[in-house]
Amino acid sequence: MEAENHTGALQFILLGLSEDPQVQPILFGLFLCMYLVAMLRNLLIILAASSDSHLHTPMYFFLSNLSFVDICFTSTIVPKMLVNIQAHSKDISYMECLTQVYFFMLFAGMDDFLLTVMAYDRFVAIRHPLNYMVIMNPQHCSLLVLMSWLIIVWVSLIHILLMKPLTFRIGTEIPHFFCELAQVLKVASSDTLVNNIILLVATALLCVFPVTGILFSYSQIISSLMRMASSTSRYKAFSTCGSHLCVVSLFYGTALGVYLSSAVTHSSRASMIASVMYTVVTPMLNPFIYSLRSKDVKGALGRLLSRAASSLSWTTYLRTK
């Protein structure tokens, strides 16, 4: 029996990472801890970048946007997963699934675009240091972020509109812990040829152009570094790119791992485990990478926490009087 997806009564079943009841509490505790750490660390990056004048630069403007997107990215997936584990339920309604698909694509795409914009920022800083603040002025930075949002909003919306005519059987099982577009299309009972073609084209374009932009930026950066006479200057210039390179490697490395695990093994379990890396682990590690490698971020976080501790102690002192 089939049910049209526009009725709103259709329920999917998310199979999740494990069906073992003894493993569920462990998964709940693990994902809750990772989610809270990701939220806290990314929020600290945003607060530090907005409150500390030393971080009022284009690089940290993009970093605070990346932290915001990472917060939204994990919040699209993890809370629903935690609720299902706690409630011993695997159900997700059609509208919830559609919403999750949309926001997952939106924030994953924004991660992709922001990493490309940040590579361009490093390219300008090293290739044109004297004109850096002129080229990367606040209006230009805001325009780059706004254009990224507009592109990915429309791309994500197109996918959702193409999903509307699809039909699904009642009680359809999705072999994943969240509604990923490719997995949802696999379990549809109607023809998904157009959807798969658009998905393939969009994925290719959204991967090829950003990766090409990042590779071009770093090829120009390396070219500029090789022309520097002093090894100290060369190291100092390249050290500003270290954090970004680590985050890019983590993001694209885990995304490649998901693709290879699904293409080579054809195992949904292997694909799910790889998906955990870029949906939860990567947003959790990004702020650690930037705060560990950047003295400016470490200094700003220290001042922020110091001010917070001072305010807390002052409030406690006033209450005791």
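Reader: What is a disulfide, and how many does the structure hold?

Author: In general, a disulfide is a covalent bond between the sulfur atoms of two cysteines. In this predicted model, the structure holds 1 disulfide.

Reader: Which residues does the disulfide join?

Author: Cys-97 is joined to Cys-179, with an S to S distance of 2.1 Å. That value lies within the cut-off of 2.5 Å, so the pair counts as a disulfide.

Reader: Where in the chain do Cys-97 and Cys-179 lie?

Author: The two cysteines link distant parts of the chain, 82 residues apart. Cys-97 belongs to helix α3 (residues 94-127), whereas Cys-179 is in the loop between β5 (172-174) and α6 (181-186).

Reader: Is the disulfide left-handed or right-handed, and why?

Author: The torsion about the S-S bond of Cys-97 and Cys-179 is about -120°, so the disulfide is left-handed.

Reader: Are Cys-97 and Cys-179 buried or exposed?

Author: A residue is termed buried when its relative accessible area is under 20%. Cys-97 has a relative accessible area of 1% and is therefore buried. Cys-179, at 0%, is buried as well.

Reader: Are Cys-72 and Cys-141 buried or exposed?

Author: Cys-72 is buried, with a relative accessible area of 17%. Cys-141 also counts as buried, at 3% relative accessibility.

Reader: Which residues does Gln-100 touch?

Author: Gln-100 is located in helix α3 and counts as buried, because its relative accessibility is 6%. Leaving aside residues up to four places away in sequence, Gln-100 touches Thr-76, Ile-77, Lys-80, Ile-92, Phe-178 and Cys-179. One of these contacts, Cys-179, is a partner in the disulfide with Cys-97.

How values were computed:
Residues numbered from 1 in each chain as written. Predicted model: local features only at pLDDT ≥ 70, side-chain atom pairs only at ≥ 80, totals over all residues. Heavy atoms only, no water. Helix = DSSP H or I, 4+ residues; strand = E, 2+ residues; numbered from the N terminus. Buried < 20%, exposed > 50% of the residue type's maximum accessible area, 1.4 Å probe, protein only. Contact = heavy atoms within 4.5 Å.
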